[in-house]
Protein chains: 4
Amino acid sequence: MTEPLRVTVWGENVHEREEEHVRAIYPEGMHAAIAAGLSATLGDRVAVRTAVLDEPEHGLPAPVLAETDVLTWWGHTAHDRVSDEVAARVHDAVLGGMGLLALHSAHYSKVFTRLMGTSCSLRWRNDGERELVWTVDPSHPIAEGVAQPIVIEAHEMYGEVFDIPPPDELVFISSFAGGEVFRGGCCYRRGAGRVFYFSPGDQDYPIYHHPEVQKVIANAALWAAPAPDAPRTVPGSPESPVGWYAA
Amino acid sequence: MTEPLRVTVWGENVHEREEEHVRAIYPEGMHAAIAAGLSATLGDRVAVRTAVLDEPEHGLPAPVLAETDVLTWWGHTAHDRVSDEVAARVHDAVLGGMGLLALHSAHYSKVFTRLMGTSCSLRWRNDGERELVWTVDPSHPIAEGVAQPIVIEAHEMYGEVFDIPPPDELVFISSFAGGEVFRGGCCYRRGAGRVFYFSPGDQDYPIYHHPEVQKVIANAALWAAPAPDAPRTVPGSPESPVGWYAA
Amino acid sequence: MTEPLRVTVWGENVHEREEEHVRAIYPEGMHAAIAAGLSATLGDRVAVRTAVLDEPEHGLPAPVLAETDVLTWWGHTAHDRVSDEVAARVHDAVLGGMGLLALHSAHYSKVFTRLMGTSCSLRWRNDGERELVWTVDPSHPIAEGVAQPIVIEAHEMYGEVFDIPPPDELVFISSFAGGEVFRGGCCYRRGAGRVFYFSPGDQDYPIYHHPEVQKVIANAALWAAPAPDAPRTVPGSPESPVGWYAA
Amino acid sequence: MTEPLRVTVWGENVHEREEEHVRAIYPEGMHAAIAAGLSATLGDRVAVRTAVLDEPEHGLPAPVLAETDVLTWWGHTAHDRVSDEVAARVHDAVLGGMGLLALHSAHYSKVFTRLMGTSCSLRWRNDGERELVWTVDPSHPIAEGVAQPIVIEAHEMYGEVFDIPPPDELVFISSFAGGEVFRGGCCYRRGAGRVFYFSPGDQDYPIYHHPEVQKVIANAALWAAPAPDAPRTVPGSPESPVGWYAA
């Protein structure tokens with residue numbers, strides 16, 4: 001009997017409280033919708049909890065991270081309100097083996113930019129235009145069972161150049177009605193952790209209710225999970241005498 | 001004083017002879033247009049010759065390959081008329097260090113598929129729709145000075161999934177008016193050789209007269225060139241006694 | 001209840017029959033030892049069968065490949081006795097999603113070289129010297145639970161330059177007592193299939209009885225397996241009218 | 001007439017002043033030896049200046065970086081004495097296109113770890129043992145004309161696991177007399193900049209006087225240089241109205 005995957009869904013939870021049209025889409029918060037999608041898709045294969053910015057330590061004290069296999073991150077307007085201490089703690093947790101799913105505007109979050117080492121800048125336009133999410137690696141586990149393409153009727157445009165390191169695995173590329181393209185599904189291995197960036201969805205659109213988007217996030221959670229008995233520590237630099245590896 | 005880059009432009013040269021509307025676009029053959037673009041862009045930095053399918057050994061006897069730094073390849077309707085012997089010779093030349101630019105429908109050529117090891121299949125539709133060629137790696141030498149995006153008013157659609165190995169460097173992604181995307185600018189290192197696949201241009205459109213396309217091909221020729229004094233041989237598997245590397 | 005992984009272990013089975021010292025190590029053939037290691041390590045998670053060169057169609061008729069999730073390949077002295085037809089069939093099966101583990105001297109097999117597109121040449125010396133197999137990607141599933149390093153008391157040296165495409169994932173690097181290094185654990189994604197090259201073990205040494213080597217091969221079989229419901233076909237190039245993806 | 005490459009050699013310059021045996025090897029500082037090697041190898045193709053920790057702004061005020069094509073970095077005992085402000089400035093300069101050569105113990109420098117996003121930890125042992133530096137990508141420009149292998153009679157061991165992102169291009173792998181291996185020549189593209197990590201040389205050994213090491217550093221400087229007319233700025237995230245790219 002396998003233990004369920006432990007996912008923590010982190011939400012900034014600002015737009016939903018301050019803007020009525022966002023609250024109308026996500027009355028209990030975007031994090032609640034993401035969590036519900038994971039539970040609906042994975043059933044008892046997953047145990048989901050949520051955490052938000054305004055909780056103490058943003059809801060991410062060390063014990064929570066220690067019991068998290070995969071963390072999803074959505075933030076946008078309050079990246080700078082995430083403390084450097086918590087950002088460093090999450091960064092370390094990823095290097096120690098925790099999976100990270102960076103969603104949409106999390107491209108500019110402290111955690112993601114520190115993992116990438118680049119500016120993570122991009123083009124954008126919020127005109128509610130059609131996005132098509134194309135799988136370019138159909139045998140990748142994150143694309144398993146996903147529609148080709150995912151059709152998102154209305155979304156914010158994110159366009160190239162996306163200033164990220166070359167992805168270790170590129171799974172999805174989006175096109176927009178205005179003609180732009182975007183590498184919107186990118187895998188990275190960093191330390192012992194796996195990182196997946198997925199560009200849908202902006203707070204102004206009901207994208208986390210989209211079943212195909214939910215499928216991708218669920219697949220990505222399974223993909224990003226560490227081995228059950230992985231050590232979950234960041235290695236140091238041990239001095240190693242000759243033959244240290246011999247019995 | 002640097003020697004000029006020696007480029008051989010290979011053309012299948014069938015559509016141009018058999019179809020009047022292609023001949024109207026390329027009265028001297030597609031290979032002639034590609035060669036002219038290289039000369040116009042690179043001037044005396046390049047020495048261009050051409051070769052076509054119907055010449056003996058398809059115009060590619062061993063001495064020609066030995067004096068070729070970069071070979072461009074355009075074929076479509078007659079891939080199977082390229083002899084296995086010449087395909088193997090070109091393959092070996094690439095592994096020995098010759099650069100290869102595989103253009104458009106060369107995705108299905110013997111040389112390219114043997115270098116890739118995959119089916120190189122793709123979606124397509126010849127509706128003369130707008131293609132935008134987006135640079136995703138703006139500091140790559142092949143993208144130097146290239147418009148963002150390249151606008152091609154009318155072209156055949158090539159769409160994902162493109163069944164290629166993950167590119168070693170991905171430079172361009174195209175979108176089409178119909179919504180599809182395509183990894184149309186892909187770099188590979190194979191043996192001592194560099195390979196660049198570039199998806200424009202179909203024979204039905206005047207794409208090799210497009211100055212931005214000419215710029216990309218010229219940049220790619222410079223990028224794919226071997227070092228001037230590189231050995232140009234495919235290595236064997238030498239038995240190597242202990243300490244063979246000592247003086 | 002998950003179905004067991006279906007592994008076919010292919011062996012050339014020439015050295016074992018013709019050379020007494022090899023037969024002493026592998027009395028029932030190298031393929032039998034590899035199969036036994038898989039069964040011992042994975043238990044009822046795996047269903048193993050074997051096939052050898054001298055069987056009709058080398059033991060690999062289409063129905064066998066259709067029922068094979070992962071194929072392991074060991075060959076050395078008789079690569080050219082594998083028919084082009086069977087090599088092409090195996091190549092297609094990999095592109096369609098079957099996993100392939102290419103073992104040791106399989107670097108020069110028809111199947112592996114056609115998948116790679118390069119010469120796959122390397123340095124070698126058969127002096128029975130110590131090899132250390134170092135994990136460089138400790139969170140990779142193929143390295144899970146594997147000793148750091150694997151100590152192989154005596155083996156043939158394989159050394160760089162190994163003329164392969166840049167691995168999509170590099171898991172192991174070996175060193176030899178004579179000072180050479182070798183990228184001996186390399187992952188590739190080709191078509192829908194996953195390919196793992198693993199450089200141990202030469203027929204002159206009891207390497208497939210080594211528990212750590214068995215562990216790597218078992219991990220790699222799990223890693224290379226296609227999704228249970230994957231289509232297992234090589235895609236063609238479908239003409240796709242505008243909006244083909246709409247309902 | 002091409003302008004010379006502008007290289008700034010940065011040195012921590014602590015060991016050389018405080019430890020007599022290091023001063024004996026590098027009487028004018030390690031930075032002076034690295035600079036001399038570049039000038040000796042590249043002649044008037046390069047214009048070299050040096051900068052050290054104890055200068056104001058560590059010798060790296062904005063105007064110096066603006067006039068630097070490639071920066072080499074050596075630090076070890078005083079990484080934390082580099083101000084966050086200067087580290088951020090150098091990081092930004094790399095993302096804007098300046099090349100960076102991170103040498104030996106610079107693996108733990110603020111600049112390199114921020115570019116990588118990982119711990120950059122490794123095994124080590126300072127026993128003065130033989131290191132062999134093997135080229136695994138012989139057609140890479142950084143390996144051009146370099147001995148196979150480079151023999152370093154005595155050096156500190158750096159061993160795997162080296163906790164770095166998968167290199168975009170892996171050029172060199174070292175072995176040590178004690179049996180360890182190390183990915184000691186790694187290329188990265190980050191933003192518009194190119195980064196090369198090269199593991200030789202520790203301050204206790206005369207490694208920057210070694211002609212083959214000098215050759216590698218010179219090749220790497222040429223490889224890492226931005227295009228002469230590159231913009232040298234880090235992109236922001238521009239809002240882009242529909243059709244912004246049209247004339």
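Residues are numbered from 1 along each chain as its sequence is written, while chains are lettered from A and ligands numbered from 1 in the order in which they are written. Since the model is predicted, local features need pLDDT of at least 70 and side-chain atom pairs count only at pLDDT 80 or more, whereas totals for chains, interfaces and linings use all residues; side-chain values use heavy atoms, with hydrogens and water left out.

Contact here means heavy atoms within 4.5 Å. Buried area is the accessible area (1.4 Å probe) that two parts lose on being put together, summed over both. A polar contact is a pair of N or O atoms within 3.5 Å; within protein, one must be able to donate a hydrogen and the other to accept it, and residues adjacent in sequence count only if both atoms are side-chain atoms.

| Interface | Residues in contact | Buried area | Share from carbon and sulfur | Residue pairs in polar contact |
|---|---|---|---|---|
| Chain A and chain B | 18 of chain A, 18 of chain B | about 1,400 Å² | 71% | six |
| Chain A and chain D | 37 of chain A, 37 of chain D | about 2,900 Å² | 50% | 22 |

A salt bridge is a side-chain nitrogen of Lys or Arg within 4 Å of a carboxyl oxygen of Asp or Glu.

## Salt bridges

Over all chains, the structure holds 64 salt bridges. One of them joins A:Glu160 to A:Arg183, with the closest N and O atoms 2.9 Å apart. A:Glu160 sits in the loop between β6 (150-159) and β7 of chain A and A:Arg183 in strand β8 of chain A, so this pair ties together parts 23 residues apart in sequence. Helices (H or I, at least four residues) and strands (E, at least two) are DSSP runs, numbered from the N terminus. Both A:Glu160 and A:Arg183 are buried, where buried means under 20% relative accessible area, exposed over 50%, and partly exposed in between (1.4 Å probe, protein chains only).

In chain C, C:Asp84 and C:Arg114 form a salt bridge at 3.1 Å between their closest N and O atoms. C:Asp84 counts as partly exposed because its relative accessibility is 45%, and C:Arg114 is also partly exposed, at 32%.

In chain B, B:Glu129 meets B:Arg125 in a salt bridge (2.9 Å, N to O). B:Glu129 is buried at 8% relative accessible area, and B:Arg125 is buried at 2%.

## Two residues of chain B

B:Asp202 lies in the loop between β9 (193-198) and α7 of chain B. B:Asp202 is buried yet has no salt bridge, and the nearest side chain of opposite charge, B:Arg125, is 13 Å away. For charge, Lys and Arg count as positive and Asp and Glu as negative, while His and the chain ends are not counted. A polar atom of the B:Asp202 side chain lies 2.9 Å from the backbone nitrogen of B:Asp204.

B:Lys215 lies in helix α7 (residues 211-224) of chain B and is partly exposed, at 29% relative accessibility.
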